[in-house]
Amino acid sequence: SLDILVLTHLDQDHIGGAEAVLNAVPVRRLVFNGSLKPDGSADRLFRLAEERGIPIFFAHEGMEWRWDASSSLTVLAPEGGRSDGSSIPAVDEQNDRSVVLHLSLYGRTFLLPGDLEAPGERRALASPAFTPAPVDVLKAGHHGSKTSSTEEWLRAWSPREVVISAGRNNLYGHPHPVVLGRLEALGIAFFRTDISGEIEYRVTPGGKLERRTMKNAGPTERTEGREAVAL
């Protein structure tokens with residue numbers, strides 16, 4: 001089961017599989033970015049959640065879940081919450097409405113910014129909800145697009161390593177060479193799903209962090225590599 005299923009924003013490449021998750025896995029709460037996309041792409045998903053009795057929450061800066069002394073999840077963006085009872089806004093360009101999450105687990109920290117772009121990064125850094133501090137792992141915003149992962153953003157969080165989620169031979173040219181060059185110039189190690197395949201992190205109760213990669217080696221073969229990350 002899942003305590004929380006987070007829809008960072010309502011673009012199809014981020015919610016296209018959510019309906020399958022709701023149909024296959026018990027979900028206790030659904031969290032989204034507090035907007036609707038005019039094309040109605042999320043309507044069926046929200047209706048399914050309502051049919052299954054799953055509470056739906058609007059994520060906003062400062063919201064936090066703390067399960068125990070060793071784990072917490074904090075929302076850094078989007079900003080503000082609606083307290084005036086106003087309707088949910090329709091937002092066509094969803095990237096800068098992304099839910100930005102800071103995860104702390106057994107002393108290790110992860111920053112997950114969805115498809116946040118440069119203007120959203122600047123707003124998040126200025127938010128009083130959280131003071132930037134070095135993180136162990138940063139997921140690159142917007143699949144390594146040149147419109148995200150600004151130098152200011154990278155310096156503020158000073159990640160030990162960055163993961164870039166991008167499909168192999170994707171049509172957009174992600175990750176962009178400008179972003180890769182920026183990471184190299186700052187001395188930040190990075191790993192790419194288009195090269196390494198699935199990238200998984202595990203944190204032990206003692207704080208040991210491991211990274212595992214898995215990719216298709218052929219029509220039926222999979223290769224797996226495990227390594228302890230020295231941090």
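Tutor: Pro175 is placed in the loop between β9 and α6, where helices (H or I, at least four residues) and strands (E, at least two) are DSSP runs numbered from the N terminus. The peptide bond from His174 to Pro175 is cis, with omega near -5°. This is a predicted model, in which local features need pLDDT of at least 70, side-chain atom pairs count only at pLDDT 80 or more, and totals for chains, interfaces and linings use all residues. Residues are numbered from 1 along each chain as its sequence is written, and side-chain values use heavy atoms, with hydrogens and water left out.

Student: And what is the peptide bond from Ala77 to Pro78, cis or trans?

Tutor: That bond is cis, with omega near 5°. Pro78 belongs to the loop between β5 and β6.

Student: On to the sheet. What is the strand order?

Tutor: The order is β4-β5-β6-β7-β8-β9-β10 in an open sheet of 7 strands with mixed pairing; two strands pair if DSSP finds at least two bridges between them. β4 (64–68) and β10 (189–192) stand at the edges, each with a single partner strand, so one side of each has no neighbour in the sheet. From one strand to the next, the twist averages 15°.

Student: In which sense do β5 and β6 pair?

Tutor: They pair in the antiparallel sense over 6 bridges, and Ser72 stands opposite Ser104 in β6. α6 packs on the sheet, where it touches β9 and β10, and its direction makes about 145° with that of β10. Such axes are lines fitted to C-alpha atoms, for helices over the stretch in contact, and angles run from 0 to 180 degrees between N-to-C directions. Contact means heavy atoms within 4.5 Å.

Student: New topic: Ser148. Is that residue buried or exposed?

Tutor: Ser148 is buried, with a relative accessible area of 0%. Buried means under 20% relative accessible area, exposed over 50%, and partly exposed in between (1.4 Å probe, protein chains only). Ser148 lies in the loop between β8 (137–139) and α5 (151–157), and its side chain reaches the backbone oxygen of Leu116 at 2.7 Å. Beyond its neighbours within four places in sequence, the contacts of Ser148 include Asp115, Glu121, His142 and Arg182.

Student: What is the phi of Ser149?

Tutor: Phi of Ser149 is near 55°, a positive value in a residue other than glycine. Ser149 is buried, with a relative accessible area of 2%. His143, in the loop between β8 and α5, also is not a glycine, and has a positive phi of about 60°.

Student: Now helix α3. Which of its residues are buried?

Tutor: In α3 (residues 43–51), Leu45, Phe46, Leu48 and Ala49 are buried. They cover an arc of only 155° around the axis, which puts them on the same side of α3; the arc is that of the directions from the helix axis to the C-beta atoms. Arg44, Glu50 and Glu51 are exposed on the other side.

Student: Last one: which residues touch the most other members of the largest nonpolar core?

Tutor: Of its 19 residues, those are Leu111, Leu138, Trp153, Trp157, Val162 and Leu183. A nonpolar core is a set of buried Ala, Val, Leu, Ile, Met, Phe, Trp, Tyr and Cys residues joined through side-chain atoms within 4.5 Å. A second, separate core of 16 residues includes Leu10, Ile15, Leu45 and Leu48.

How values were computed: Polar contact = N/O pair within 3.5 Å; in protein donor to acceptor, adjacent residues only side chain to side chain.
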